[in-house]
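User: I have a model open and would like to go through it with you. Can we start with the sheets and then move on to the chain contacts?

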There are 2 protein chains.
Amino acid sequence: MVSKQILEEQIKAQGDLVRKLKAAKESKEKIDEQVAKLLELKAELSNAGEDSNAAYSNQKFTLKTPKGTRDYSPQQMALRNSVLEKIISVFKKHGAETIDTPIFELKEVLTGKYGEDSKLIYDLKDQGGEILSLRYDLTVPFARYLAMNKITNIKRYHIAKVYRRDNPSISRGRYREFYQCDFDIAGAYDPMIPDAECVRIVFEILKVLEMPSFVIKLNHRKLLDGMFEACGVPATSFRAICSAVDKLDKSPWEEVRKEMVEEKGLSEASADLIGEYVQLNGKADLVDKLLADDKLSKNKSAVEGLEAMKLLLKYCDLYGSSDKVLFDLSLARGLDYYTGVIYEAVLLADNASSSEEVSVGSVAGGGRYDNLAGMFDPKGRQVPCVGVSIGVERLFAVMEARKAAEKIRTTETEVYVATAQKNLHEERMRLCAELWAEGFKVEHSYKKNPKLLQQLQHCEEYGIPLALILGESEIKNGVVKLRNVTTREEVEVGRSKLADEIRQRLQGGCQNGS
Amino acid sequence: MVSKQILEEQIKAQGDLVRKLKAAKESKEKIDEQVAKLLELKAELSNAGEDSNAAYSNQKFTLKTPKGTRDYSPQQMALRNSVLEKIISVFKKHGAETIDTPIFELKEVLTGKYGEDSKLIYDLKDQGGEILSLRYDLTVPFARYLAMNKITNIKRYHIAKVYRRDNPSISRGRYREFYQCDFDIAGAYDPMIPDAECVRIVFEILKVLEMPSFVIKLNHRKLLDGMFEACGVPATSFRAICSAVDKLDKSPWEEVRKEMVEEKGLSEASADLIGEYVQLNGKADLVDKLLADDKLSKNKSAVEGLEAMKLLLKYCDLYGSSDKVLFDLSLARGLDYYTGVIYEAVLLADNASSSEEVSVGSVAGGGRYDNLAGMFDPKGRQVPCVGVSIGVERLFAVMEARKAAEKIRTTETEVYVATAQKNLHEERMRLCAELWAEGFKVEHSYKKNPKLLQQLQHCEEYGIPLALILGESEIKNGVVKLRNVTTREEVEVGRSKLADEIRQRLQGGCQNGS
């Protein structure tokens, strides 16, 4: 634990920063972010023993959200909802249904599914009755749902929060409570047809979110296994070597090789053979080349994986997603349960020091898992599944960074009804009711006598496109002043023509699309 | 615990029922419901000691969701999402933002907020670190959010799950995990203007959900307190007597009177005085009558409450919601924290034995609570709030019952691409990709060679309005057969004109609106 003295110094420095930002009239978001850090530090100090901050002395406890969690502000929610809407529109384009499951499961449902990560599961207190845990992902509850309801085929998406008692780096946007967004196709179908649709869905989602550059890497667990076998890896080491290969997106080959040889006891010769294969990536021509490869062509599992890959690439071509897919032998994926195709989408960015594009992070991943649902079926009946998990938290972060300069609307209000003189609030309320009845999104001040300037400032702050201004003369003459908030241009409109005029202006692009 | 023998008999009877339903070819929903009950019984038997059901013998644990929780099927989710969309559209018409908070809070945040219901709070296990509990409602997290972020005004809605370790009657649709849907206006404004907007919002929501008959009852805590004082209730008994009055929607006056006198020690004379007032309900004329009432007109709190009610009724009139509001002196609301106006919306139905309409249940409730946010502020700063909680679970149940006869679409698929002969799956995939690129919602079979009949049955089952049928002759001639699934009428359309033709048909109402 950081000492109290250090914390106090950090708080002082952070307080200075906040005051500087305020003095420089920085954006509310920027200031709020630093204030949040200040509050975190103060909370830590309070936990560290005694609370030296007088402002908190009336508080019996620290005013904060639980560690690793956060509230979502209206700005964050507006952005998240617009991103999720776009993702859902893609799922619906492909005929997906949605389901929901409880936030907690019987602990036994989760037991034995996550290996050593099981220690990250949140348990509920035993208050008499069942022993429960918060869900760790959406895949295990989905498999439980299939088995419990004896469902043999379904195409569903599920967007919901999951929980992991990790010590995540909050500064890098990782939390203990976060959203997952899964799409899966369950059912016994013909090879690679549902698998190719999952790839197409990832393709469409990254297009609809206007990600400038990305690649969807593909590989196959059977090819990996066959390759390991052909390179002389003992069968008992397949998963361990696979998880070493999985680190190639973050570590150079030399380190991965070292792990294989020194930690996992692989021979240097085997490691070097693997090293040659995992550098390879390409398209259908690479599949053909490997089908003709001396070692792989003699291995049943490798040939099966390559044939499957060939079919998948052909289907990706038919589905129009092939210009973004890449068959990549270094792709391994961490999870044990995959049984067939695996894929992972990564965003690319220009590398400043070369003309190459480099990966800036995985935004979707998945694969085929044909044996998971069977673990829940009393008779062990399998339901083949293939699916993809969209990394929405990272996509939210990318979109937040992209929109940081833009003002995100948190409401959809179209018209603000303002008054220019005192004691006209009843006129204002009457006009609001008229416009609500016409179906418009309308607000006015909850104060009887707000200042006109404040009312107009509210419109600008919230991006409301139109303001109506009522004064005594307007009321007498049966008109209202209609103001375009952006251009500040004003015209008088007769009350009887008002709804049509508003409708026309909103259709004419005056509406501030969020 | 029910004995094993009784359970076995129940399981036998339930199994017979399921078989009968299946033999009678009842709807899948009906059968599934009874199967679910059968599984519940089997699970109970399994818990009761040993599992006599062979089917479960491979299972190490009972395959079920935790007690008091359930999965939501695609049908339920489709209905819920359509109801929530309508409710959210009303919130947006009134300029509301949305926020989200974590599913759990520091236990201390919840402590002391729910009185004796605190025993229903779900605690998380102490796994080292903070002591956490699942949220019990959305109001306390909202107050914590306001204080923590020093927000003095916001108009927000929040739709999310909450958790109560109750022993609810599942058969009456009550659960331990359920949705709440709250709308609140925080901020220091002029009297009754935000309060009247909350009433208007309830009015609009029940209209947009096409509830045939409802009433929004209004009352005021200050009037209740003044009335109790005027009737000789000791100040220390106000809340106790208030909670007795709150039972008038379920119990007759005689029982409530008995509780007041025998359990709460009120004098018979006082109880009788209260009994006269709580029978009263009406509109503005009742307010005037009570303002002239001997006892009430002399009581400061009662007069304040009545003046407030007068203003609220006037504003409801201006907002066009007055034909559905009723000033009702029997409305008390259970929660302690209300400080001003209180309201509750109830659905009405024709009483079979008389011409009167009777209440069939509360679907929204709320009021003003000016002191709650201050409980979280280190300096005790108050943020006045008024809000309403929409009883979405009950509304879902009402809508489910209403739609039971209708088929609810769980997908939005517009076009299904079918093939009439074998080995045309690549043609099908190519056509799907063309139509996805045009923005249509399109599906096809994941099987290479599905039977045409099965493909068309899928369209009927899922309510897909249009099917495209590709055969060898169509491919040769550059056409497709376009089939209206409902009328079964088929026409040939040239490939180049296909997108336009589909668009026209979907616009022409062929689209099956869900």
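User: What is the strand order in the open sheet of five strands in chain A?
Analyst: This is a predicted model. In chain A the order is E13-E12-E14-E15-E16, and the pairing is mixed.

User: Which are the edge strands there?
Analyst: Strand E13 (442-444) and E16 of chain A, each of which pairs on one side only. From one strand to the next, the twist averages 30 degrees.

User: How many bridges join E15 to E16 in chain A, and do they run parallel or antiparallel?
Analyst: Five bridges join strand E15 (residues 479-484) to strand E16 (residues 490-494) of chain A, and the two run antiparallel.

User: On to chain B. What order do the five strands of the open sheet take there?
Analyst: The chain B sheet is ordered E13-E12-E14-E15-E16, with mixed pairing. Strand E13 (442-444) and strand E16 (490-494) of chain B are at the edges; each has a single partner strand, so one side of each has no neighbour in the sheet. The twist in this sheet averages 30 degrees from one strand to the next.

User: How many bridges join E15 of chain B to E16(B)?
Analyst: Five bridges join strand E15 (residues 479-484) of chain B to E16(B), and the strands run antiparallel. One of the pairings is B:Val479 with B:Gly494.

User: Which strands does helix H15 of chain B touch on that sheet?
Analyst: Helix H15 (residues 452-462) of chain B packs on the sheet and touches strand E12 (415-419), E13, strand E14 (466-470) and E15 of chain B. The direction of H15 makes about 170 degrees with that of E12(B).

User: Now the interface. How many residues of chain B are in contact with chain A?
Analyst: 101 residues of chain B are in contact with 101 residues of chain A.

User: What area is buried between chain B and chain A?
Analyst: About 9,000 Å², with carbon and sulfur atoms giving 58% of that area.

User: How many salt bridges cross between the chains?
Analyst: The rule finds 14 across the interface of chain B and chain A. Among them, the side chains of B:Asp71 and A:Arg144 meet at 2.6 Å, N to O.

User: And how many over all chains?
Analyst: The count comes to 76 salt bridges over all chains. One of them joins the side chains of A:Lys161 and A:Glu177, at 3.5 Å, N to O.

User: Why does that pair tie together parts 16 residues apart in sequence?
Analyst: Because A:Lys161 lies in strand E4 (residues 154-163) of chain A and A:Glu177 in strand E5 (residues 177-186) of chain A.

Conventions
Residues are numbered from 1 along each chain as its sequence is written. Chains are lettered from A and ligands numbered from 1 in the order in which they are written. This is a predicted model: local features need pLDDT of at least 70, side-chain atom pairs count only at pLDDT 80 or more; totals for chains, interfaces and linings use all residues. Side-chain values use heavy atoms; hydrogens and water are left out. Contact means heavy atoms within 4.5 Å. Buried area is the accessible area (1.4 Å probe) that two parts lose on being put together, summed over both. A salt bridge is a side-chain nitrogen of Lys or Arg within 4 Å of a carboxyl oxygen of Asp or Glu. Two strands pair if DSSP finds at least two bridges between them. Helices (H or I, at least four residues) and strands (E, at least two) are DSSP runs, numbered from the N terminus. Axes are lines fitted to C-alpha atoms, for helices over the stretch in contact, and angles run from 0 to 180 degrees between N-to-C directions.
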